[in-house]
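I opened my notebook to look up a few spots in one structure.

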Amino acid sequence: MVFNLVVNIIGIVVFIAIAYLFSKQKHAINWRSVGVMLVLEVLLAWFLTGSQVGVDAVKAAADGFTWLVNVSYDGIAFALASWVNVKSMDFVTSSLLPILLIVPLFDILTYIGVLPWIIKWVGRGLAYITGQPKFESFFVVEMMFLGNTEALAVSQLQLKQMKAQRNLTIAMMSMSCVTASILGAYIKMMPGQFILTAVPMNVLNAAIIAAILNPVEVKPEEDTIAKISGSAAVEETTATTETSGSEELANEQVKEAKPAREPFFSFLGDSILGAGRLILIIAANVIAFVALAKLIDKLLGLINSNLSLENIFGVVMFPFAWLLGFNPSDAFQMASYMGTKLVTNEFVVMGEVSSKVNDFAPHFRAVLTVFLTSFANFSTIGMIIGAFKGIVDREKNDLVSRNVGYMLLSGILVSLLSAGVVGLFVW
């Protein structure tokens, strides 16, 4: 174990070194800010996984999500009793349909101003402690609750005003988030303690990796936050007028007339329809990716019976998995899961391992769960580029599009760094 722990520590250093190696402006990196965030991250990982108070808090939060999911089954059973009252529910019923309750719940918290208030103060605190620009600190917190494309939508006025290089920073950060409203689906398949631990870890690491890969000097007059529109009120691109309430985040706002608030039940109806679309999107992606992966495996099998995507990913990702503190055989298995997740999505791997995840060794279970808890994969790149294309001008969008490799590298390094730091405290 001591050797694996040492390797794990070395791995964290290597992941940061890789970010430094590919940094666009090495001389501009604010190492003080990076160091503060790393210390904060290590303390947070220890608190959430190594202290009884932190473990109990995370367990309580996970139990809360589980309770919400169980409540959602009452609604599902009313319409689809034969899908719920069975020995073992399928993936769509157990993990996806609860989204119909959880998404509207989070949207209601946004509508009444609770989530914007939390985002505002956590973002302010993070900017003060880490020394990062105000908007970047605000954005990583916002996407922790709203998801990447939603956070981009509500921040569009800021994105239009910022210089192109800062837009690229935001695009890199967007690779590493999850939507809070989807955590219930994750928790039905993977250990809730590590799912919820991964969320704030990804927030900090998204800021760390972006600050190293793409350091941008932000002058005091540029370090402001423009008025933030609601996700249903993206300036000049959507028809509704709902606002998130987060425009009060800072004093430096663009003063504009506030549109009339959308009636609550109209808002709720849109939220429910949006949740339904999200379920269809996830289900379609999972079915398509699993089927495509199986097709590729069969084609590879025609070349060599031992050739498969799992084995290819195992070879490519093996060094990074080994640096997370595993023996060679476990590292190869971890590497195949990591590669599959990056090429497909997290649901594909979670569905594959959910029935056996509790049989894994504690370190393997924690590292795998944390690595999987993000949207970092190839399909997310397309979503982010599409979001920017609908918001910013061509020059800024072209810069983001030219740096797809940096976006993917950012997402991978954030997942590795989060998994590595959490892995230090779970053996």
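My entries follow, grouped by topic.

**Ground rules.** I am working with a predicted model, where local features need pLDDT of at least 70, side-chain atom pairs count only at pLDDT 80 or more, and totals for chains, interfaces and linings use all residues. Residues are numbered from 1 along each chain as its sequence is written, and side-chain values use heavy atoms, with hydrogens and water left out.

**Helix H1.** I took helices as DSSP runs (H or I, at least four residues), numbered from the N terminus. H1 covers residues 2–21. I checked its span, for which the rule is 1.5 Å times one less than the number of residues. The 20 residues should span 28 Å, and the end C-alpha atoms are 28 Å apart, so the two agree.

Next I looked up burial. Buried means under 20% relative accessible area, exposed means over 50%, and partly exposed is in between (1.4 Å probe, protein chains only). The buried residues of H1 include Asn4, Val7, Gly11 and Phe15. I then looked up contacts, meaning heavy atoms within 4.5 Å. The buried residues of H1 pack against H2, H13, H15, H18 and H21.

**Val400.** I found Val400 in helix H20 (residues 394–402). Is Val400 buried or exposed? Val400 has a relative accessible area of 0%, so it is buried. Leaving aside neighbours within four places in sequence, Val400 is in contact with Asn167, Leu168, Ala171, Ile385, Phe388 and Met407.

**Ser308.** I found Ser308 in the loop between H14 (264–303) and H15 (309–322). Its relative accessible area is 15%, so Ser308 is buried. Beyond neighbours within four places in sequence, Ser308 touches Asp297 and Leu300.

**Aromatic pairs.** I used this rule: rings of Phe, Tyr and Trp (its six-membered ring) pair if their centres lie within 6.5 Å; planes under 30 degrees apart are stacked, over 60 edge-to-face, and the rest tilted. How many aromatic pairs does the structure hold? I noted ten. One of them joins Phe326 and Phe364, edge-to-face, at 5.4 Å centre to centre and 65 degrees between the planes. Phe326 lies in the loop between H15 and H16 and Phe364 in H18, so the pair ties together parts 38 residues apart in sequence. Phe364 is buried, at 7% relative accessibility. The rings of Tyr337 and Phe364 have centres 6.5 Å apart and planes at 80 degrees, so this pair is edge-to-face. Tyr337 sits in H16 and Phe364 in H18, 27 residues apart.

How values were computed
Helix = DSSP H or I, 4+ residues; strand = E, 2+ residues; numbered from the N terminus.
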